[in-house]
Amino acid sequence: MNFTNFATHMKALLSIVLTAFFAIVFPAMSCRATVPDSMLTYQKILALVVEYPDSVISLTDLAGQREIKSLPEYKLNLLRALAYNELRMNSLKEMYVMRVLESDSVDNHPAVKLNAMTILADAQYLNGKYPQSIQTSLSAIELAREIGNRSGELNILSTMAQTAFAMGDRRRGFEYLDQVIGEGSESDNVRELANVSYGMGIKVVELYADKNYEDAIAVSHKRLGLIERIDNIGRAPEGYTDQQRAYTYARLAAILASDGKLKEAGDAYKNFKATRFGNTVEGSITICDYFLESKQYALALDVTRPYYALFAQGDTINVDYLDLLRTDARSYRELGRLAEGYAYLDRATVVQDSLYKRENIAKAQEMAALFNLKEKELLFEKSRAEAQRHRILMLAVSGIALMILLILFVVLYYYRQSLRRNKIAAAQINDLLAQREYMREQASDPKTEVTVNEPSNEEKRMLKIEKVIINNRLFLQGVQAKKEIAEKCNISQTELVRLINNDTGLSLSEYLNKLKIEYSIILMNEHPDWTIEAVAQEAGFGNRGTYYQNFNKFYAMTPLQYRKAHEK
């Protein structure tokens, strides 16, 4: 599970008073004229970045209009880049930080330039521009060494490692992490040691992904020693080492359990519970991987149950909530509580779909912001140089060309994302069909013991009926098979229709079409050389259009999209 680091939810004390003032006096920044120049300083606007990024953008525009001397253009652009980082608009973040670095003034402020280069490398990494991110990082490291910023150098090396892993270059990724660890471990600077600890955390996760348990365990113990050193040195933020120790023990317990070292894993779990953070709701969730790997599924459910309360009044359309649902689905399934596991898996699918929709909306908003920004800049230029109509026209044409290129880029990006989403969706479809088949087998097996958590008698009857329909290929006959299905299942036709409607919410015709679609998926997987038309005909559909319509109705994708996703 990749639950959000609790530390990211902490707010700087300095920003509390300022954010409250802005929220009360002008929450939407609609009264710009009432903002005094004394509030338009770099530090005061910076304090608003995390809480009110939209307001930061408005304030920087206002400061630019007023030409505040203490806020030159490169500082305004840096604040805008930070605000768009919080808004997850990475294209705009990259654009503004590039403007910072293009400014001649920033060369006189190397610390600011290093900060901007670090932000640019991260933006390029998030935008998938991996070679550019590596090149920017190398330049940033050179600058960090020139000004003696060791902490910044180690931080950039960690970004380079993550970029290398994203590129599939695992050897180089580990080399960068080893450089962080090797160059920073002997330092007595807490900030530098914190960067080393972070690098060790990345290395443990990547080693664990490679199933290199022995090295992952060794690095985890080395990280614990480093955390102890930070504790002895002091000057770390309150609770930092306790939290880092809890994270390390949680990951170590999971790795040891995966390696079959259950006793050592149990000891790591005890050490985890000895931390303060490990006994909080937010902290205890990090031990879930250990419970799953050690097959303690009931304990995993005990840990996740109180965590739902954190989402009760907030947004549940996020990756953390999705991971939570998937964890519970797996736990219930492994405990034999199939109905509950299926319910949680279904909820996870709904959240996944919502995440896809939100991603599209966010990209649309970013595109709108880019268009609005371009329009505003063009109007501003026009107001300052009305006499140069020809030049303005050329700029407008250039802007349109740039927008067309940007749209083409976004279309390509969406296409690649669509392929990735379809691949995930195809895998989920296969999982759902496998689970449904397993439930049918369990319901039809007279040796299977029925427990309180098993499906109700009516649900089991429906699963058995479904087994009969599938085994005898009665779904291929459509509604004409209603009488034969009822006879083979020893129930009336009316009872058959009622059971199907109660269990699935579908009519008999819709239900049989759904079984046809499931059968067509089996055919596609077994006969990859068959055409879609052949699959449709074999699955009992009269024509391609009807087959596509029903496939999309039940699985929100076309048969061709499923086949392409399944082949990759």
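**Note on the salt bridges**

1. Lys553 and Glu510 form a salt bridge, with their closest N and O atoms 3.2 Å apart. Lys553 sits in helix 25 (residues 544-555) and Glu510 in helix 23 (residues 508-526), so the pair ties together parts that are 43 residues apart in sequence. Lys553 is partly exposed, at 48% relative accessible area. Glu510 is partly exposed too, at 27%. Keep in mind that this is a predicted model.

2. Next, Lys203 and Asp178. Their side chains meet in a salt bridge at 2.5 Å, N to O. Lys203 belongs to helix 10 (residues 190-209) and Asp178 to helix 9 (residues 170-184), so this contact ties together parts that are 25 residues apart in sequence. Lys203 has a relative accessible area of 14%. Buried means under 20%, so Lys203 counts as buried. Asp178, at 37%, is partly exposed.

3. Asp289 and Arg251 also pair up. Their side chains form a salt bridge at 3.5 Å, N to O. Asp289 lies in helix 15 (residues 288-293) and Arg251 in helix 12 (residues 240-258), so the pair ties together parts that are 38 residues apart in sequence. Asp289 is buried, with 13% relative accessibility. Arg251 is partly exposed, with 22%.

4. Look also at a linked group. Glu458, Arg461, Glu495 and Arg498 are joined in a network of salt bridges.

5. Now the total. How many salt bridges does the structure hold? There are 28. Among them are Lys553 with Glu510, Lys203 with Asp178, and Asp289 with Arg251.

Note on methods: Residues are numbered from 1 along each chain as its sequence is written. This is a predicted model: local features need pLDDT of at least 70, side-chain atom pairs count only at pLDDT 80 or more; totals for chains, interfaces and linings use all residues. Side-chain values use heavy atoms; hydrogens and water are left out. A salt bridge is a side-chain nitrogen of Lys or Arg within 4 Å of a carboxyl oxygen of Asp or Glu. Helices (H or I, at least four residues) and strands (E, at least two) are DSSP runs, numbered from the N terminus. Buried means under 20% relative accessible area, exposed over 50%, partly exposed in between (1.4 Å probe, protein chains only).
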